[in-house]
Amino acid sequence: MAEKQAHDLNGAYYGPSVPPPPVRQSYHRPGRGTGCGCFFRFLLSFVISVVVTLGLAILIFWLIFRPNNIKFHVTDASLTQFNFTADNTLKYNLALNISVRNPNKKIGVYYELILVRAHYEDQRFDSVNLTPFYQGHKNTSVLSPVFVGQQLVLLGADELSKFNAEKNAGVYSIDVKLYLRIKFKVGKIKTWWFKPKVKCDLKVPLSSNGTSASGFETTKCDIDF
């Protein structure tokens with residue numbers, strides 16, 4: 001056996017040959033969250049695309065139709081009775097003409113609900129429902145609510161003092177509010193329903209002849225969508 005041992009050229013003995021180390025197999029471990037990151041990037045891109053598309057659609061709609069808000073004005077007011085009795089009863093007789101202007105050339109308006117309420121010192125004393133109607137392009141319509149009757153109205157000391165001062169002046173601060181349910185018509189397309197509110201802050205002189213009180217000024221109303 002000794003004769004079969006490995007020797008070098010000089011006869012020196014180095015022992016048996018050492019086998020090479022085994023080859024270690026390497027593998028790639030997939031990173032955590034890669035799929036989740038791709039999903040959120042896709043979701044973000046989708047949301048941005050939707051927002052941009054909607055923005056362009058709104059811009060194109062505005063450029064084509066140039067929509068404008070409906071305009072409300074109280075043009076006439078007749079107040080022939082507005083008395084507050086000792087038993088906290090308000091007796092009233094108020095008639096109004098409210099001008100409604102649709103300034104749009106290509107947009108019509110459906111008025112399905114028109115509820116008009118009259119307030120004094122933030123307390124409602126009457127309400128009326130008006131007939132629904134359709135308003136065409138660049139059209140002006142007139143609403144004529146009438147409030148007649150009596151209603152229990154509880155006024156505090158400050159409100160009662162203000163009422164007496166207005167009674168002496170012959171001009172009353174009355175708030176009229178309109179609650180609407182409307183739909184717009186663009187060509188043959190009808191939009192969904194909107195519920196705007198309209199508020200008219202009026203200074204109404206008391207009249208004795210049953211006609212529009214002299215001194216009443218046309219009042220612009222505020223609309224809130």
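Me: Why is Thr219 called buried?

Reply: In this predicted model, Thr219 has a relative accessible area of 17%, and since buried means under 20%, the residue falls on the buried side of that limit. Thr219 belongs to strand 11, and, leaving out residues up to four places away in sequence, it touches Phe72, His73, Val74, Asp201 and Leu202.

Me: In what sense do strand 1 and strand 2 pair, and over how many bridges?

Reply: Strand 1 and strand 2 pair in the antiparallel sense over 12 bridges, where at least two would be required. Ala77 has Leu96 of strand 2 as its bridge partner, and the two strands form a hairpin with 4 residues between them, in whose turn Asn88 has a positive phi of about 65 degrees.

Me: What makes the phi of Glu121 and that of Asp122 worth a remark?

Reply: Most residues other than glycine have a negative phi. Glu121, however, has a positive phi near 50 degrees, and Asp122 has a positive phi near 65 degrees. Glu121 lies in the loop between strand 3 and strand 4, and Asp122 is likewise placed in the loop between strand 3 and strand 4.

Me: Why does Cys38 count as partly exposed?

Reply: With a relative accessibility of 38%, Cys38 lies between the limits of 20% and 50%, and therefore counts as partly exposed.

Me: How do you know that Cys200 and Cys221 form a disulfide?

Reply: The sulfur atoms of Cys200 and Cys221 are 2.0 Å apart, which is within the 2.5 Å that defines a disulfide. The pair links distant parts of the chain, with Cys200 in strand 10 and Cys221 in the loop between strand 11 and strand 12, 21 residues apart. Both cysteines are buried, and a search of the whole structure finds 1 disulfide.

Me: Why is the disulfide of Cys200 and Cys221 called right-handed?

Reply: The torsion about the S-S bond of Cys200 and Cys221 is about 105 degrees, and the disulfide is therefore right-handed.

Me: Why does Pro196 count as buried?

Reply: The relative accessibility of Pro196 is 1%, which is under 20%, so the residue counts as buried. Pro196 is placed in the loop between strand 9 and strand 10, and its C-alpha atom is separated by 5.6 Å from that of Leu180, 16 residues apart along the chain. Beyond its neighbours within four places in sequence, the contacts of Pro196 include Leu178, Ile182 and Phe225.

Me: Which residues have the most contacts inside the largest nonpolar core?

Reply: The largest nonpolar core has 42 residues, and those with the most contacts inside it are Phe72, Phe82, Leu96, Phe125, Ile174 and Leu178. Its largest share, 8 residues, comes from strand 8. Leaving aside neighbours within four places in sequence, Leu178 is in contact with several residues, among them Phe72, Leu143, Pro196 and Cys200.

Me: How do you know that the span of helix 2 agrees with its number of residues?

Reply: At 1.5 Å a residue, the 13 residues of helix 2 should span 18 Å, and because the end C-alpha atoms are 19 Å apart, the two values agree. Helix 2 is followed by Gly170, whose phi is positive, near 80 degrees.

Methods: Residues are numbered from 1 along each chain as its sequence is written. This is a predicted model: local features need pLDDT of at least 70, side-chain atom pairs count only at pLDDT 80 or more; totals for chains, interfaces and linings use all residues. Side-chain values use heavy atoms; hydrogens and water are left out. The expected span of a helix is 1.5 Å times one less than its number of residues. Buried means under 20% relative accessible area, exposed over 50%, partly exposed in between (1.4 Å probe, protein chains only). Contact means heavy atoms within 4.5 Å. A nonpolar core is a set of buried Ala, Val, Leu, Ile, Met, Phe, Trp, Tyr and Cys residues joined through side-chain atoms within 4.5 Å.
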